[in-house]
Amino acid sequence: MFQKEEVVEARVHDDLHGLFIKTRNPDRFYLSLNEVVSTGEVVVESVAPVDDDLSAVYEYLIGSE
């Protein structure tokens with residue numbers, strides 16, 4: 001995931017048991033995630049968006065960088 005074009009930021013959690021990934025193209029990211037998981041090389045327990053608020057929606061709609 002660190003090498004995917006749609007990923008603009010990726011960090012390993014401090015406890016080394018997860019990733020924080022920031023993307024500007026969620027649809028493309030989820031397709032890439034499906035590809036990675038389907039190889040069987042990684043296991044994904046859960047995926048949770050962290051920006052489900054009005055500010056995030058506004059930034060997404062106006063294309064803020």
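1. Let's start with Val37, which has its place in helix 1. This is a predicted model, so keep that in mind as you click around. Val37 has a relative accessible area of 32% and is therefore partly exposed, since buried would mean under 20% and exposed over 50%.

2. Now step back to the whole chain. The protein has two helices and two strands, and from the N terminus on they come in the order β-β-α-α. Of its 65 residues, 11% count as buried. The protein exposes about 5700 Å², and 51% of that is supplied by carbon and sulfur atoms. Among contacts with a separation of 6 or more, 24% are between residues 24 or more positions apart.

3. Next, the strands. How do strand 1 and strand 2 pair? They run in the antiparallel sense, with five bridges. Strand 1 covers 7-12, and strand 2 is residues 19-23.

4. Glu6 deserves a point of its own. This residue sits in the segment before strand 1. Is Glu6 buried or exposed? Its relative accessibility is 7%, so Glu6 counts as buried; the cut-off for buried is under 20%. Leaving aside neighbours within four places in sequence, Glu6 is in contact with Lys22, Thr23, Arg24, Asn25, Arg28, Phe29 and Ser32.

5. With its neighbours within four places in sequence left aside, Ser32 is in contact with Met1, Lys4 and Glu6.

6. Time for the charged side chains. How many salt bridges are there? The count comes to three. One of them is between the side chains of Glu5 and Arg28, at 3.6 Å, N to O. Glu5 lies in the segment before strand 1 and Arg28 in helix 1, so this pair ties together parts that are 23 residues apart in sequence. Glu5 counts as exposed, at 64% relative accessibility, while Arg28 is partly exposed, with a relative accessible area of 38%.

7. Arg28 also meets Glu6 in a salt bridge, at 3.4 Å, N to O. This pair, too, links distant parts of the chain, with Glu6 in the segment before strand 1 and Arg28 in helix 1, 22 residues apart. Remember that Glu6 counts as buried, at 7% relative accessibility.

8. Another salt bridge joins Glu9 and Arg11, with the closest N and O atoms 2.9 Å apart. Glu9 is partly exposed, with a relative accessible area of 29%, and Arg11 counts as partly exposed as well, at 44% relative accessibility.

Note on methods: Residues numbered from 1 in each chain as written. Predicted model: local features only at pLDDT ≥ 70, side-chain atom pairs only at ≥ 80, totals over all residues. Heavy atoms only, no water. Helix = DSSP H or I, 4+ residues; strand = E, 2+ residues; numbered from the N terminus. Buried < 20%, exposed > 50% of the residue type's maximum accessible area, 1.4 Å probe, protein only. Contact = heavy atoms within 4.5 Å. Pairing = 2+ DSSP bridges. Areas by Shrake-Rupley, 256 points an atom, 1.4 Å probe, with all protein chains shown as cover. Salt bridge = Lys/Arg side-chain N within 4 Å of Asp/Glu carboxyl O.
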